[in-house]
Structure formats: structure tokens, C-alpha cells
Amino acid sequence: MSSTNESTPSKWASGANVLLGLWLFFIPTFVWSASGASFWNDIIVGAAITIIGAYGVYSATNGSSSANWSNGLNTLLGLWMIASAFIWAGTTLLFWNDIVVGVVVAVLAGFATFTGSGTNATAGGESPDSH
């Protein structure tokens, strides 16, 4: 039961990344009319962040240690969003949106990876003896 409480930061960080992935998927592409490479980058990476974040929430909820790889992958996708803003510079609004979303995704997923690896080591190192 304590593993559920210990995975709470990872669950919340992954859940926030789900929302950020949805933001990246819908807002720049359909509201701000992104086009070309920026459009496809936001669609593909936003969908990937959403799906991987949802898996991270699922894994953290079930106490699975496999959430770490998904959070690590979302960290890389967040860093990619920062880099892609400079590669496919769109409008100023889209540029800063990609930078901010990339930074927040990378920080949240990195935090979830860090806290998840720490809690897994702690949970694995403790034995359930009653002394």
C-alpha cells in the first residue's frame, strides 16, 4: 500500500504530461494554425507525449517499475520539443509554446524518473518483516 503513496509524484507528473501532450496536439495545430514541419512535429510529439504519459500514470497507479522508461522517454521528447523550436522556427507564438511545453514536459518527466527510481530502490530494498 505504501508503494501507491510513493508513486504519487510520478503519477501526478505523468498526468500533467498527458495534459501537456494534449495541449501540444490540439492548440498549436488546430487553434493557432501551425503548418508544415511544425504542424506534423506538434501532432506526432504531442500524441506520443500523451500516450507515454498515460502509460506512466497507469504504471504508477499499479506500482509497476516500468514507469521509469516511459518517463525517461518523455524527458527526451520534451528536450526534442525545445530543439525542434529552433529547427522549425514558426511564428513567435508557436516558437515559445514549443519551448515552454518542452521545458515543462522534460522537467516533469525527469522529476518522475528521479522519484520513481528512488522509490523503486527503496521499495525493493525493504523487506516486509514485522520486527
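## Asn17, tucked away

Let's start with Asn17, which you'll find in helix H2. Keep in mind that this is a predicted model. Buried or exposed: which is Asn17? With a relative accessible area of 0%, Asn17 is buried, since the cut-off for that label is under 20%.

Who are its partners? Setting aside residues up to four places away in sequence, Asn17 touches Ile49, Asn74, Val104, Val105, Leu108 and Ala109.

## How H2 meets H3

Two packed helices are described by the angle between their axes and the distance between the axes. Here, helix H2 runs over residues 8–31 and helix H3 over residues 36–61, and their axes come within 7 Å and cross at roughly 160°. Angles over 145 degrees count as roughly antiparallel, so that's the label H2 and H3 get.

The crossing of H2 and H3 is left-handed. Sorting the residues of this contact by type gives 14 nonpolar, 11 polar and two charged.

## H3 from end to end

After H3 comes Gly63, with a positive phi near 75°.

## Ser70 in H4

Helix H4 covers residues 67–87, and Ser70 has its place there. Ser70 counts as buried, because its relative accessibility is 0%. Leaving out neighbours within four places in sequence, Ser70 is in contact with Ile52, Tyr55 and Gly56.

Note on methods:
Residues numbered from 1 in each chain as written. Predicted model: local features only at pLDDT ≥ 70, side-chain atom pairs only at ≥ 80, totals over all residues. Heavy atoms only, no water. Axes fitted to C-alpha atoms, helices over the stretch in contact; angles between N-to-C directions. Helix = DSSP H or I, 4+ residues; strand = E, 2+ residues; numbered from the N terminus. Parallel < 35°, antiparallel > 145°, perpendicular 65-115°, else oblique. Left-handed = near helix turned anticlockwise from the far one by under 90°. Nonpolar A, V, L, I, M, F, W, Y, C, P; charged D, E, K, R; others polar. Buried < 20%, exposed > 50% of the residue type's maximum accessible area, 1.4 Å probe, protein only. Contact = heavy atoms within 4.5 Å.
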